[in-house]
Amino acid sequence: MATLGSLALTIALASALGSAVAAALALRWRAPFLGAVARRGVLATAALTSVATLSLLWSLLAGDYRLESVYNYTSLDLDPLYKISAFWASPQGSLLLWSWLQAMVLALATWRLKLRQPDMLRPFIAVSMLVQALFLTASAFLSDPFGTLAWIPGDGRGLNPLLENLSMAAHPPAVFLGYALFAVPFALATASTLTDQKQGGWGVAGRPWAVAAWLALGIGNLLGAQWAYVELGWGGYWAWDPVENGSLLPWLAGTALLHSMGMQRLRERPSHWVHLFAMLAFCLCLLGTYLVRSGAVSSVHSYGHSPVGDFFLWFLLAMLTGSGSLLALRWRRSGPASGQSPLLSKPGAFLLANSLLLAVAFVVLWGTLYPVISRTLLRQETYLGADYFNAVAPPLFLALLVLLAACPLLTRDQDSPRRLARKLALPLGLTTLALAALGFSGLREMWGYLGFGAALLVVSSSCQAWVGDAQARRLARGEPLLVSFVRLIAQNRPRYGGHIVHVGLALIVVGITGSAVYHSELDFSLAVGQSVSFAGYTLTYEDIVVESTPSRDTVAAVVVLADGNLRVGTLRPQKILHVSYEQPVSEVAIRTTPLHDLYLILQGWDAASGKAVFRVLLNGLIVWMWIGSAVLLLGGLICLWPVPRSRTAGLPG
Amino acid sequence: MLGALVGLAIGLLVWSAMQSSAVYYLTPAELRAKGLEQAGRVRVAGRVLEDTLSWDSVQGSVSFTLAEGQDSIPVRYAGPVPDTFREGASVVVEGKYSSAAERFDAHLLMTKCPSRYETRLE
């Protein structure tokens with residue numbers, strides 16, 4: 001089975017290369033036969049990569065321990081769901097997952113492009129299959145998922161227990177789907193510089209891909225954060241680790257990309273911004289994987305040094321120079337951008353937003369790569385810790401949020417400051433009232449006011465814009481207001497889906513701000529029967545329960561939570577000692593309310609004295625981060641919901 | 001013009017943030033040369049010396065000696081541990097040296113091994 005997979009991978013590589021070459025020649029010589037060959041090659045590549053993927057999947061489920069990627073990450077007693085997730089636990093498997101998702105995405109994109117914009121088909125296939133071929137080269141020769149051991153083990157080493165978690169099982173596929181989807185705008189942008197389009201802009205066809213990529217990567221990052229919060233036992237969800245940043249950077253570029261695309265009118269050629277961000281988003285995905293697989297920067301997530309890491313560096317540099325020079329040529333050919341956009345207008349605001357997003361990306365990139373820069377230029381390797389990122393990122397994100405709040409109320413033409421102020425009066429008024437209330441409740445931290453204020457501004461401004469549009473529609477059609485409100489979604493999905501996404505984002509900001517500002521912790525040790533006071537609660541350590549099974553020992557502390565005299569709940573934080581895994585694993589006990597999370601960790605316990613050591617944390621409002629994520633997902637899906645065919649008849653793309 | 005001013009402001013922000021959060025990356029020898037306590041929060045790289053690794057389930061922590069050539073420092077760390085962490089592994093720890101406890105208290109532990117499996121047969 002493994003040899004089948006290996007063979008399929010090599011043939012897929014040949015197929016992708018052949019397809020790219022055929023498409024390039026078809027473009028040059030205008031040969032329809034070669035064009036057909038190129039298109040079939042795309043399908044063949046997708047099919048063959050699928051065969052390789054299924055082969056590895058089968059090997060994992062059946063327990064073919066001769067394969068390194070099966071031996072190191074699964075065992076006979078592992079739950080089948082996690083045997084599947086072990087596919088992307090190994091570096092080779094995760095790269096194959098990315099290659100497969102990308103092959104499938106590119107096949108689908110090719111098919112749709114054939115229907116809607118056939119004049120771009122050949123250059124698109126040439127670029128995208130070249131990219132796919134490079135990925136398959138990495139998988140086939142540098143990071144082989146089908147590498148075998150010299151003997152056949154009877155059982156595997158098992159999966160790291162920290163990874164036996166649903167969010168962690170879903171996180172890599174979501175992230176890699178995002179990366180794979182970013183290949184489409186990249187290929188479209190590069191392809192458009194290689195051909196003269198007759199049929200208007202590719203921006204309209206490319207936009208759903210950009211939105212889907214942004215959504216998948218965003219949800220992927222949030223799943224990773226949620227896993228870190230629940231499983232790692234430090235009460236945090238984002239450490240500004242180089243690999244985490246590597247996933248954030250393409251998402252920032254993607255945000256700029258989809259908004260720039262949104263600004264395009266129907267028949268217009270995409271602007272330079274669109275091309276720039278399409279290129280950046282994809283290249284940053286490559287940078288991210290370079291950081292994970294090269295060991296260039298120390299990270300808790302990195303796989304350590306591997307030749308495939310260096311390969312991705314060259315791949316990245318090649319794409320940057322190739323795509324970058326094509327973009328620069330296009331820039332020179334078409335001249336500077338049409339006039340200056342006035343600041344107080346939608347185009348002006350988008351220009352400012354793009355600049356801010358670039359600024360955030362730059363400061364994050366600087367902090368992430370500083371160890372390499374300092375090692376090379378200053379001869380002393382220096383790291384910039386979370387403090388650096390927490391000092392530079394929030395002000396820029398805050399500026400973006402305020403801009404986001406102002407945007408729905410701006411128009412395409414220049415607005416006067418007085419009129420804008422009048423439109424913003426209600427959101428500003430509401431926000432001021434809310435902040436005053438917070439002040440009375442005793443909030444002292446500046447960032448609390450800034451964070452909550454910005455979030456509320458965004459929510460009220462989006463609601464105001466939506467209600468305003470609903471009222472206009474109600475007057476025109478005589479419907480009840482609520483019906484207008486809902487029907488608007490069907491009328492313009494990206495716009496109102498976008499409002500929902502922004503509200504979701506605001507809720508996430510509420511969660512982030514709340515957990516930063518309303519945060520307290522306590523380390524304590526108790527004997528059985530003793531209590532401690534924390535944040536208005538009383539925690540009583542009642543019992544310790546030890547459970548033994550053949551594969552692990554579980555030590556669970558039973559802690560009763562009381563609010564005054566009222567018994568509110570029972571928490572059972574655990575420490576699990578696996579037979580096959582040396583390090584004890586903590587299972588945190590969390591009690592969630594809309595106002596805060598009570599987070600209890602069993603640090604250790606002494607069988608002799610019966611004393612247990614605990615750490616308890618209070619994280620304010622953090623549940624809103626997960627609620628906001630769900631709202632964001634809903635909004636994103638609404639944006640992507642296809643418009644019925646009848647309405648798009650006669651429109652390009 | 002406005003752009004240049006904003007760029008300058010961001011540059012200043014980055015600069016001041018860098019000053020207060022820089023963490024040096026040293027070997028045990030360099031750490032000793034700098035002065036164990038004076039170094040403040042640093043990252044230290046080395047190998048986990050054989051026969052020095054021990055797990056403490058009461059405290060939920062691991063202790064070992066980090067060595068590089070002839071120099072070494074004792075380390076204690078409580079927190080999640082990477083799969084590839086074992087005796088002989090190349091690791092990077094971040095934390096501060098505590099002269100009271102006479103060991104390096106690490107709050108971050110990372111390994112540099114490429115994969116969980118080593119090709120030599122045990």
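How many residues does the contact take from chain B, and how many from chain A?

## The contact in numbers

This is a predicted model. The contact takes 35 residues from chain B and 42 residues from chain A. Between them, the two chains bury about 3400 Å². Carbon and sulfur atoms account for 61% of that area.

Charged pairing across the contact comes to one salt bridge. Polar contacts between chain B and chain A number four residue pairs, both residues being at pLDDT 80 or more. On chain B, helix H1 (2-21), strand E1 (22-26) and strand E7 (103-111) each supply at least two residues of the side that touches chain A. The largest share, six residues, comes from H1(B). By class, this side of chain B has 23 nonpolar, six polar and six charged residues.

## Strand pairing between the chains

Strand E1 of chain A covers residues 382-384. Three bridges join this strand to E1(B), and the two run antiparallel. A:Tyr383 has B:Val23 of E1(B) as its bridge partner.

## The salt bridge at the contact and its network

A:Asp387 forms a salt bridge with B:Arg41. Their closest N and O atoms are 3.7 Å apart. B:Arg41 also forms a salt bridge with B:Glu94, with the closest N and O atoms 3.8 Å apart. B:Glu94 lies in strand E6 (residues 90-98) of chain B, and B:Arg41 in the loop between helix H2 (28-34) and strand E2 (42-48), so the pair ties together parts that are 53 residues apart in sequence.

B:Glu94 counts as buried because its relative accessibility is 5%, under the 20% limit. B:Arg41, at 32%, counts as partly exposed. A:Asp387, B:Arg41, B:Arg43 and B:Glu94 are linked in a network of salt bridges.

## Salt bridges within each chain

Over all chains, a search of the whole structure finds ten salt bridges. One of them joins A:Asp523 and A:Arg615, whose closest N and O atoms are 2.8 Å apart. This pair links distant parts of chain A, 92 residues apart. A:Asp523 sits in strand E2 (residues 519-526) and A:Arg615 in strand E11 (residues 612-620). A:Asp523 is partly exposed at 49% relative accessibility. A:Arg615 is partly exposed too, with a relative accessible area of 27%.

In chain B, the side chains of B:Glu50 and B:Arg47 meet in a salt bridge at 2.9 Å, N to O. B:Glu50 counts as partly exposed at 39% relative accessibility. B:Arg47, at 33%, also counts as partly exposed.

Technical notes. Residues numbered from 1 in each chain as written. Chains lettered and ligands numbered in written order. Predicted model: local features only at pLDDT ≥ 70, side-chain atom pairs only at ≥ 80, totals over all residues. Heavy atoms only, no water. Contact = heavy atoms within 4.5 Å. Buried area = accessible area lost by both parts, 1.4 Å probe. Salt bridge = Lys/Arg side-chain N within 4 Å of Asp/Glu carboxyl O. Polar contact = N/O pair within 3.5 Å; in protein donor to acceptor, adjacent residues only side chain to side chain. Helix = DSSP H or I, 4+ residues; strand = E, 2+ residues; numbered from the N terminus. Nonpolar A, V, L, I, M, F, W, Y, C, P; charged D, E, K, R; others polar. Pairing = 2+ DSSP bridges. Buried < 20%, exposed > 50% of the residue type's maximum accessible area, 1.4 Å probe, protein only.
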